[in-house]
Amino acid sequence: MRREGFEEEACAMYPAESGGGHRLPVLDALLRRKDTQTAGVRPFKDTESELALEAYIEISKERDARLDSLLAKLAKSQKEIIVWGAGTHTQRLLAEGRMEDLHISAFVDANPHLQGSRVAGRPILAPLELKGHTEAILISSYAFQEEIRAQIRESLGLDNEIITCY
């Protein structure tokens with residue numbers, strides 16, 4: 001941005017909570033153009049970001065279509081499942097009615113603030129409470145799917161069937 005004539009007015013970097021209790025870095029910056037002789041200068045059209053956003057939207061549509069297919073197959077099978085993840089991903093699927101036909105016995109989440117409460121009328125368990133459960137586990141997370149799979153197998157030593165959304 002300096003190369004384009006901007007100077008920093010304010011800048012902050014801090015961790016922010018994401019789903020599953022993980023912390024991700026966030027950068028906020030307020031920039032101001034240094035030279036005031038830019039009146040009449042035409043703004044630069046950023047076609048690169050536009051194309052990237054369009055590609056992202058298409059990929060997201062394809063991903064959602066595959067997820068809908070998976071959820072439909074799970075509903076049709078009437079398989080009893082536990083959904084791992086009670087955060088934004090799951091909340092979105094529930095709000096959109098995309099999980100309403102699933103046979104969910106419970107939810108699991110590593111976030112202690114969610115444990116012990118209920119979502120969609122079912123309890124939210126701590127991961128350690130899965131011992132003795134035999135239901136298949138649907139991992140409802142995009143960002144942390146592989147970490148959750150490793151936790152189920154390696155940390156908890158569970159051999160439940162694992163179903164991934166992505």
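Modeller: Let us begin with pairing: two strands pair if DSSP finds at least two bridges between them. The model is a predicted one.

Colleague: How do you know that β7 and β8 pair?

Modeller: Strand β7, residues 136-139, is joined to β8 by three bridges. Because at least two bridges are required, the three found here qualify the strands as paired. The two strands run parallel. Within this pairing, Leu138 stands opposite Ile163 of β8, and Ile139 has Thr164 in β8 as its bridge partner.

Colleague: What makes β3 and β7 a pair?

Modeller: Four bridges join β3, residues 80-84, to β7, and the criterion asks for at least two. These strands also run parallel. One of the contacts is that of Val83, whose bridge partner in β7 is Leu138.

Colleague: Why is β8 called an edge strand?

Modeller: The open sheet has six strands in the order β5-β6-β4-β3-β7-β8, with mixed pairing. Strands β5 (118-119) and β8 (162-164) each pair on one side only, and they are the edge strands.

Colleague: What makes β7, α3 and β8 a unit with a named hand?

Modeller: Together with helix α3, residues 145-155, the strands β7 and β8 make a β-α-β unit, and this unit is right-handed. The term applies because, with the strands pointing away from the viewer, the path from the first strand over the helix to the second runs clockwise.

Colleague: How do you know that both faces of β7 are covered?

Modeller: Ala136 and Leu138 lie on one side, Ile137 and Ile139 on the other, and all four are buried.

Colleague: Why is Cys165 called buried, and why is Cys11 called partly exposed?

Modeller: Cys165 has a relative accessibility of 8%; buried means under 20%, so Cys165 counts as buried. Cys11 has a relative accessible area of 43%, which falls between the 20% and 50% limits, so Cys11 is partly exposed.

Colleague: How many disulfides are there in the whole structure?

Modeller: The search finds zero; a pair of cysteine sulfur atoms would have to lie within 2.5 Å.

Colleague: Why is Pro15 called partly exposed?

Modeller: Pro15, in strand β1 (residues 6-17), has a relative accessible area of 44%.

Definitions and conventions. Residues are numbered from 1 along each chain as its sequence is written. This is a predicted model: local features need pLDDT of at least 70, side-chain atom pairs count only at pLDDT 80 or more; totals for chains, interfaces and linings use all residues. Side-chain values use heavy atoms; hydrogens and water are left out. Buried means under 20% relative accessible area, exposed over 50%, partly exposed in between (1.4 Å probe, protein chains only).
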